[in-house]
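The sequence and the coordinates come next.

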Amino acid sequence: TESYAHDEMKSIRWEAIEQTKQSIRHASLQQPATFGVILGTLGRQGNPAIIQQIKDALRQSKEAKSCRSFVILLSEITPAKLALLDSKVDVWVQVACPRLSVDWGHFLSQNKRPVLSPYELFVAMEQTEWQEAYPMDFYSQTG
């Protein structure tokens, strides 16, 4: 029988959200929080509409003056690829496959940066509520 550790997954994902909130709280004009937004290019995973929503959310948030972002296109999201920019990024947000953050997010950054899904970013920015039933279809609801 196959099973999944839902409680552990939610705990790990909540820690990533809290780490993101802390990065935002400690950001300033002199040292802004930097968000690396990854658009997945493998198959049909990436969604430009979601990328735009993320950029708009970061630009319009009350913390906007202390947050900056850039978009990077990647066919595969691997620790080696993120390591190239990890020292310049506080939080990664990946728009590719929601399972990447859920199953592998805590392993992708060598510097232990959060690797969030868009849903998790919007929770961290208090633009949506944490849902007890983790929404794997959040892309379809918001993009």
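## Terms and model

In what follows, Ala, Val, Leu, Ile, Met, Phe, Trp, Tyr, Cys and Pro count as nonpolar, Asp, Glu, Lys and Arg count as charged, and the others, Gly among them, count as polar. The model is predicted.

## The largest pocket

The largest pocket has a volume of about 160 Å³, and the elements that give two or more residues to its lining are α1 (6-25) and α4 (98-108). Of these, α1 supplies the largest share of the lining, with 5 residues.

The lining is made up of Ile12, Arg13, Glu15, Ala16, Gln19, Gly105, His106, Lys112, Arg113, Pro114 and Val115. Sorted by the classes given above, the residues that line the largest pocket comprise 4 nonpolar, 3 polar and 4 charged.

## The sheet

An open sheet is formed by 4 strands, which follow the order β2-β1-β3-β4 with parallel pairing. The edge strands, each of which pairs on one side only, are β2 (67-74) and β4 (115-116).

Strand β1 (residues 33-40) and strand β3 (residues 91-95) run parallel and are joined by 5 bridges; within this pairing, Ile38 has Gln94 of β3 as its bridge partner.

## A helix across the sheet

Helix α2, which spans residues 48-60, lies across β1, β2 and β3. Relative to β1, helix α2 runs at about 170°.

Definitions and conventions: Residues are numbered from 1 along each chain as its sequence is written. This is a predicted model: local features need pLDDT of at least 70, side-chain atom pairs count only at pLDDT 80 or more; totals for chains, interfaces and linings use all residues. Side-chain values use heavy atoms; hydrogens and water are left out. On a 1 Å grid over the protein atoms alone, a cavity is a set of points where a 1.4 Å probe fits but cannot get out, and a pocket is an open set with protein on both sides within 12 Å along at least five of seven lines; lining residues have an atom within 4 Å of a point. Grid points are joined across faces, edges and corners, and a volume is the space filled by probe spheres set on the points. Two strands pair if DSSP finds at least two bridges between them. Contact means heavy atoms within 4.5 Å. Axes are lines fitted to C-alpha atoms, for helices over the stretch in contact, and angles run from 0 to 180 degrees between N-to-C directions.
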